[in-house]
Structures are given as structure tokens and as C-alpha cells.
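Student: I would like to go through some labels and ask what each one rests on.
Tutor: Go ahead, one label at a time.

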Amino acid sequence: MNSSPFDLTDKTALLTGGGGALGAVFARALAQAGAKVWVTDLTEERARKVVDALRADALAAEPLAVDVRDREALLKAESRIGEIDILINAAGGNSPAATTSAEQSFFDLPVTALREVMDLNYIGGALLPSQVFGKSMVNRGGVILNVSSMNALRPLSRIPGYSAAKAAVSNFTQWLAVHMAMEYNPRIRVNAIAPGFFLTDQNRYLLTDAASGELTARGRAIIDHTPMGRFGDPQELAGVVLWLCSDAASFVSGVVVPVDGGFSAHSGV
């Protein structure tokens with residue numbers, strides 16, 4: 001019998017946004033710790049790609065297409081999956097249409113694009129799945145882990161919608177941790193991670209030049225303000241995710257943990 005506090009044997013985990021680069025890392029960390037992982041994404045094809053890689057290593061995983069912005073779709077998924085022990089809300093992302101640039105000023109940002117970013121990262125990226133799947137934790141306890149961002153701690157230039165949405169995720173994490181524990185079950189823990197800067201398909205266009213592969217001015221500024229002097233590797237998120245989802249963090253709730261190479265601690269001087 002495995003007595004490790006990080007052991008997740010017999011646990012069922014649901015991961016939204018599991019088809020992304022970070023989601024795939026989270027799914028593998030949970031599965032390697034013994035959990036059965038439901039990997040969801042907007043399309044089953046994206047989810048299945050991650051699941052196939054896990055099954056190739058004899059890890060338990062199932063794919064499912066779910067639009068986290070659609071409450072009915074979430075309820076349908078919940079009726080199929082049943083009770084879960086761990087919910088990781090990893091769905092999210094920014095949109096070029098909600099990003100200021102030389103061609104698009106703040107005054108011209110379309111409200112529709114800003115609303116889409118808020119819906120994806122906060123409403124669908126944290127609140128709705130917590131409502132639907134958190135309800136099954138009321139009697140049994142469980143873990144909800146949200147994915148915030150460094151933008152929530154230190155708003156970054158050019159991305160007002162994404163920064164505001166992730167700030168909402170951090171605030172909601174603290175609120176929900178208190179609410180679930182005091183109103184329903186103190187064995188429900190709610191936390192978040194705030195990743196620093198990890199090169200992914202979603203942000204590569206902002207941080208590196210597509211033609212040369214060199215850092216953009218923005219990418220260089222990030223490296224210059226990161227004491228560890230580099231971008232993070234997605235694998236470096238696995239340890240903190242496993243910690244927060246396991247009994248190793250049994251008295252940790254309502255926190256937002258930066259994983260950022262020291263970026264949030266650096267004043268710039």
C-alpha cells in the first residue's frame with residue numbers, strides 16, 4: 001500500500017482545457033500519481049491526443065469534448081462522469097482581438113472580444129465548472145484547483161481583458177475556498193496556481209519573433225525581470241499541481257501560488 005501523501009490512487013480527476021500544453025502536463029502528473037483522469041477540451045480530438053499519450057504509458061484516462069462556457073454541456077458531462085474528487089480548471093487563453101497593438105488602440109478594442117476572454121477564463125474557466133462539479137463534493141469533500149496567471153498579480157501591458165479575467169479567477173478562488181468550507185464541507189479545498197511565463201502556442205506570438213525565433217522586446221523584458229533568467233518549462237508546474245491536489249496540502253486552501261522563477265518578487269531594481 002502506498003502511504004505517500006501525494007498518492008491519488010482511487011481518485012477521479014476532471015481537467016478542463018486538458019488538450020493544451022499545460023493541461024497535458026497536469027493530466028500526466030495526476031495519472032502518474034494514480035488518479036483516473038477525465039481530460040476535456042473544446043473538441044474530443046484535442047482531448048484524445050493527450051489521453052492516447054497517457055494510455056500508451058498504461059495510465060488511466062478518458063477524453064471528453066466539453067465547452068466550459070456552456071452550463072448545459074457541463075451538466076451533460078457531469079451526468080456521464082459522476083462524482084469526482086479533483087477538479088482542475090485549466091481552460092483559458094487570450095485573443096489577439098482583445099490585445100492592444102500599433103494597429104489596434106485601447107480605445108478600439110471590441111467589447112465582444114473582451115467579453116469572450118472574460119467568459120473563457122473566468123465564467124467558463126473557473127465559475128461554471130466549479131458550480132456543476134463542485135456540487136458533487138459537498139458530501140464527500142474534494143479539491144478544486146484554478147489556473148490564474150501572473151497577470152492577476154502584476155497586470156501586464158496590452159492585454160487588459162486577460163489580466164482582468166485572471167484577477168477575477170484569483171479573487172474567486174479565495175472567495176470559493178471560504179464559501180465551500182464554511183457553508184458546505186470543510187474538507188473541500190480551493191486553491192489556484194499563478195504560472196509565470198511559459199512558452200506556449202497561446203503566447204508565442206507575443207514573446208518571440210515568428211520569422212527569426214528571437215525574443216521580442218516584450219519577451220526580453222520578461223526575461224530581464226525574471227531572477228532565474230529564463231522561461232519556465234511546463235513540466236515545472238507538475239509538482240505544485242500534484243501537491244495542491246493531494247493530501248500533502250490537506251490544510252492549504254484559499255491560496256494562489258506563483259510559479260514564476262521569482263518574477264513576482266522582483267521590484268525591478
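Student: What makes both faces of β1 count as covered?
Tutor: T12, L14 and T16 on one side and A13 and L15 on the other are all buried. Buried means under 20% relative accessible area, exposed over 50%, partly exposed in between, with a 1.4 Å probe and protein chains only. The model is predicted, so local features need pLDDT of at least 70 and side-chain atom pairs pLDDT 80 or more, while totals for chains, interfaces and linings use all residues. Residues are numbered from 1 along each chain, and side-chain values use heavy atoms, with hydrogens and water left out.

Student: Why is S149 called buried?
Tutor: Its relative accessibility is 6%, so S149 counts as buried.

Student: What makes S149 and N151 a polar contact?
Tutor: A polar contact is a pair of N or O atoms within 3.5 Å; within protein, one must be able to donate a hydrogen and the other to accept it, and residues adjacent in sequence count only if both atoms are side-chain atoms. The side chains of S149 and N151 are joined at 2.6 Å, so the pair falls within the cut-off.

Student: Which residues does S149 touch, leaving out those up to four places away in sequence?
Tutor: Y162, K166, I193, A194 and P195, where contact means heavy atoms within 4.5 Å.

Technical notes
Helices (H or I, at least four residues) and strands (E, at least two) are DSSP runs, numbered from the N terminus.
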